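Thank you all for coming. Please have a look at it on the screen first.

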Amino acid sequence: MWVRKRLDIGWSDLAFGLTRTALSASEMAVRGRLEQRFSPAGDALACLSVRSGFDLLLAALDLPIGSEVLLSAVTIPDMARIVRQHGLVPVPVDLDPATMAPSAESVRLSLTPAARMLVVAHLFGSRVPLEPLLASAQACGLLVVEDCAQAFDGRYFGHSAADAGMFSFGPIKTATALGGGIICVRDSELRERMRMRQAAWPIQGRREYLARLGRCAALKLASCRPVLRTWMKACDLTGRDFDQMANATTRGFAGPDFFDRVRRRPSTPLLAMMERRLRKFDSWRVAARAAAGRQLAQLLSGRVLCPAAQTDGHSYWVFPILVANPSEVIAELRREGFDATQGASMCVVPPPPAQPILRASLAELTLPGIVYLPLYPEMPPKALQKMANVVLRTSQAVAPLRESAGVSVGP
Ligand SMILES: *Cc1c(COP(=O)(O)O)cnc(C)c1O
């Protein structure tokens with residue numbers, strides 16, 4: 001079985017983390033080295049997660065209550081939750097299913113006089129071209145924030161004209177440190193306000209980080225192919241949902257005390273791990289993954305809609321396809337040894353209750369039909385070809401999108 005996702009961290013990284021939880025080091029020195037490495041210009045602020053950094057940004061900005069924050073319509077639900085927590089109103093910006101990018105036109109359609117910020121998410125590892133959006137958004141007085149949580153490739157550190165960029169080292173992200181995030185903020189005064197606010201937050205415990213290292217090691221073992229096969233069989237036999245179990249293992253900050261858990265600063269071992277992942281960034285791995293992604297996209301080209309595929313700068317963090325019969329495709333892929341999944345981590349940002357007209361209808365049509373195919377450098381071309389054949393044989397095109405998105409699907 002080709003597991004859906006491999007955690008992008010090696011045994012030597014885990015061993016390094018282990019030694020770092022045992023040693024004591026100066027938080028300030030490690031933080032300084034990390035931030036300097038990420039942004040020699042001095043824009044970076046290291047946080048416990050992207051969500052922590054975004055929360056700091058909104059707190060420090062202190063926008064008028066009721067201001068609107070335009071969000072790429074597809075993102076993780078916590079981003080909208082954080083916006084609401086600050087008394088602000090999340091408004092979705094619809095996406096083109098072919099590129100998963102918002103157009104200048106969709107930004108214009110979501111824009112009201114109360115809008116103050118636009119958050120653009122680079123989804124699936126792709127890179128949304130920002131130029132067409134920056135000029136018009138900034139002309140309307142919007143702050144532009146890039147969510148690069150899925151797009152980190154060791155080379156792109158954010159657009160110089162954006163007001164802020166956010167990068168995640170969370171468990172399922174590229175070059176993970178099993179947590180951690182970096183937010184780059186151009187305005188130094190704003191950044192220092194965020195820094196001071198964060199300094200007053202409690203620190204993540206070393207023991208908690210140690211537990212993360214342990215869970216990750218267990219998950220890495222479990223994703224060896226023979227172990228996984230046994231685990232999935234055991235789930236089948238005991239009637240448990242393998243999908244739910246796998247997702248629960250990588251979820252952070254679950255539970256009712258969400259904001260207490262997000263509003264902490266990263267432990268020193270976590271800061272050291274982020275610094276190590278940057279210093280030893282494996283560009284070969286990302287390049288090989290991108291090459292596999294391009295190859296798979298080529299195999300499906302013109303017959304199956306692959307959102308965001310074949311766009312410039314795409315590193316294929318994940319490889320989604322859009323089909324009308326997702327459960328059928330997933331079942332068939334499983335039978336053939338490919339652990340595809342619908343993924344439960346992202347949602348479509350709902351429109352403000354008072355303005356249902358602002359709903360992101362294309363995104364709402366798209367997300368339920370998305371299936372993530374397993375894809376990583378270890379998969380040989382033969383496995384990609386076999387997976388593509390299963391998809392070609394079982395998938396049905398999503399009909400209503402043909403007209404609305406103007407994309408060609410199927411012969
Ligand atoms: C993972 C992710 C985040 C959150 O990152 P954390 O560092 O886990 O808080 C935010 N936005 C998107 C689009 C993501 O994929």
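Before I name any element, a word on terms: helices are DSSP runs of H or I with at least four residues, strands are DSSP runs of E with at least two, and both are numbered from the N terminus. Residues are numbered from 1 along each chain as its sequence is written, and side-chain values use heavy atoms, with hydrogens and water left out. Please keep in mind that this is a predicted model, in which local features need pLDDT of at least 70 and side-chain atom pairs count only at pLDDT 80 or more, whereas totals for chains, interfaces and linings use all residues.

Let me begin with Q355, which sits in the loop between β10 (347–348) and α15 (361–366). I will call a residue buried under 20% relative accessible area, exposed over 50%, and partly exposed in between, using a 1.4 Å probe and protein chains only. Q355 counts as partly exposed, because its relative accessibility is 26%. Taking contact to mean heavy atoms within 4.5 Å, and leaving aside residues up to four places away in sequence, Q355 touches E68 and T112. Q355 and V91 are 264 residues apart in sequence, yet their C-alpha atoms are 9.3 Å apart in space.

My second residue is R277, which belongs to helix α12 (residues 268–279). Is R277 buried or exposed? With a relative accessibility of 9%, R277 counts as buried, and, again not counting residues up to four places away in sequence, R277 touches D8, I9, D13, A175, T176 and A177.

Now to helix α3, where 12 of its 12 residues are buried, including R51, D55 and L61. The expected span of a helix is 1.5 Å times one less than its number of residues. For the 12 residues of α3 (residues 50–61) that gives 16 Å, which agrees with the 16 Å between its end C-alpha atoms.

Finally, the whole chain, whose secondary structure comes to 17 helices and 11 strands. Its radius of gyration is 21 Å, close to the 22 Å that the globule rule gives for 411 residues, so the chain is as compact as a globular protein of that length; the radius is taken over C-alpha atoms, and the rule is 2.2 Å times the number of residues to the power 0.38. Buried residues make up 56% of the 411 residues, and, among contacts between residues at least 6 apart in sequence, 75% join residues at least 24 apart.
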